[in-house]
Amino acid sequence: MSLFEVERFIFKLKSSEEMQFALGKSDESVFEDFEIDGEERRELLKGDIKSLYKKGVHPLLLRPYSRLSGLSPSEYNNRLKALKGTHKLSSERQYSRTGE
Amino acid sequence: MGELVFAAAMSHAPGIAAFPEAASEVERAGFFDATEELRNGLDAAKPDVVIFLAPDHFSNFFTDNMPAFCIGTNEVYEGPVEEWLRMPRSKIPGASAFAGELLEVTMDKGFDPSFSRGLKLDHSVMVPMQLLRPEYDIPILWIMTNCQSPPLPTVRRCYEFGQALRAVVAKRKERVAVIGTGGLSHAPGAAEAGMIDADFDREFLALLDSDSPTAILDIPPGRVDSAGFGTWEIRLWAMVLGAANGQRAHTLSYAPVTAWETGCAVSQFDLAYRGA
């Protein structure tokens, strides 16, 4: 699974009406230029935001993706409610300490 | 010699434009009365250029190429990119000459910013712009600061960038307004969206309004994280503080607006205090 490719897909989807149309018709050709495996393809076609969230898709990409998948904001929030506290983003340095 | 004639910072939650009616009447009145005050102040200041210090939200940049700072050298900006923002798509003139000089000066000062002639405006600029200068007639410059995809520039580094910006203001001839946008506590799109850390927000604003506003530069990153990843946008407030030479601010409005999923604040920096 490539989180980068899934996120890149959503980033491109946001500005491509052609990709949005293809996704809406569940046309798998929408994944042609992306290294996205079968499981992720299914999740993206189904609008499975819970699975995508658990896999670490950035919330600023997941939310617009959900809108393009036809999910209302309230339904989006409801689906993620049970995942509170499971995946909090951090700005702490991963490899060095600030100021080193 | 150029002059900094106006400095402010405010929240840019998309709900402000897309669904203002979802907030309560009291919340709306508090926020929009404050932005009206900023609008009047900006108009009275008569700037030649308005500089927006604002983040991107994966509208322009992705992790295949993510700058810490990107200076918009657009001759014309267009936005918003979000069709659901309930704002007509508009064109705004760009302050490309100012941007060019800012780019060169900050490079020589060791910041190594990237630049783009084609930045597309998202809600981070358009929400404040529509409230503060809906005429869209004054040239703008967008300095994009990465606040969404770690590693991020430190809050202190953003303050230093603001100081470098101030040096360019003084070097040129324009009357300049600087508006930071973002925050305060929020976690948009996360499972925690809607959880607002009003304690953090109030402490942050109290520091900014005090005689030692640069204390915000020492807030531990972990404390900012705990308020929600959207709180990383306090970097833009630190940038305004730097441009204002560390002058304190004055909070015009604050409320944790659940409907907009954001601790919404509006502040103006006191450029006359201790002589900016």
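Let's start with chain A: from the N terminus on, its elements run α-α-α-α-α-α. That is 6 helices and 0 strands. A word on terms: helices (H or I, at least four residues) and strands (E, at least two) are DSSP runs, numbered from the N terminus. The C-alpha atoms of chain A fill a box of roughly 50 × 30 × 25 Å, taken along the principal axes.

Some ground rules. This is a predicted model, where local features need pLDDT of at least 70 and side-chain atom pairs count only at pLDDT 80 or more, while totals for chains, interfaces and linings use all residues. Residues are numbered from 1 along each chain as its sequence is written, chains are lettered from A and ligands numbered from 1 in the order in which they are written, and side-chain values use heavy atoms, with hydrogens and water left out.

Now chain B. Here 8 strands form an open sheet with mixed pairing, in the order 6-3-7-2-8-1-10-9. Two strands pair if DSSP finds at least two bridges between them. Which strands stand at the edges? In chain B they are strand 6 (114–116) and strand 9 (249–257). Each has a single partner strand, so one side of each is left without a neighbour in the sheet. From one strand to the next, the twist averages 20°. Axes here are lines fitted to C-alpha atoms, for helices over the stretch in contact, and angles run from 0 to 180 degrees between N-to-C directions.

Look at one pair inside the sheet. Strand 2 (residues 49–54) and strand 8 (residues 175–181) of chain B run parallel, joined by 5 bridges. B:Val49 stands opposite B:Val176 in strand 8.

Next, the helices on the sheet. Helix 2 (residues 25–45) of chain B lies across strands 1, 2, 8, 9 and 10 of that chain, and runs at about 170° to strand 1. Helix 6 (residues 198–209) of chain B lies across strand 9 and strand 10, at about 175° to strand 9.

On to the backbone. Most residues other than glycine have a negative phi, and most peptide bonds are trans. Chain B has some exceptions to show you. The bond from B:Gly79 to B:Pro80 is cis, with omega near 5°. B:Pro80 sits in the loop between strand 4 (76–79) and strand 5 (90–93) of chain B. The bond from B:Gly183 to B:Leu184 is also cis, with omega near 5°. B:Leu184 is in the loop between strand 8 and helix 6 of chain B. Then there is B:Asp112, with a positive phi near 50°. Its place is the loop between helix 3 (96–108) and strand 6 of chain B.

Now charges. A salt bridge is a side-chain nitrogen of Lys or Arg within 4 Å of a carboxyl oxygen of Asp or Glu. Over all chains, the count is 23. One of them joins B:Glu21 and B:Arg86 (3.3 Å, N to O). These two are 65 residues apart and link distant parts of the chain.

Last, the interface. How many residues of chain B are in contact with chain A? The count is 28, against 26 residues of chain A, where contact means heavy atoms within 4.5 Å. The two chains bury about 2,400 Å² between them, 60% of it on carbon and sulfur atoms. That is the accessible area (1.4 Å probe) that two parts lose on being put together, summed over both. In chain B, B:Phe58, B:Phe62 and B:Ala191 lose the most area to chain A, together 27% of what that side buries.

The rule finds 1 salt bridge across this interface. B:Glu261 and A:Arg63 form a salt bridge through their side chains (3.0 Å, N to O).
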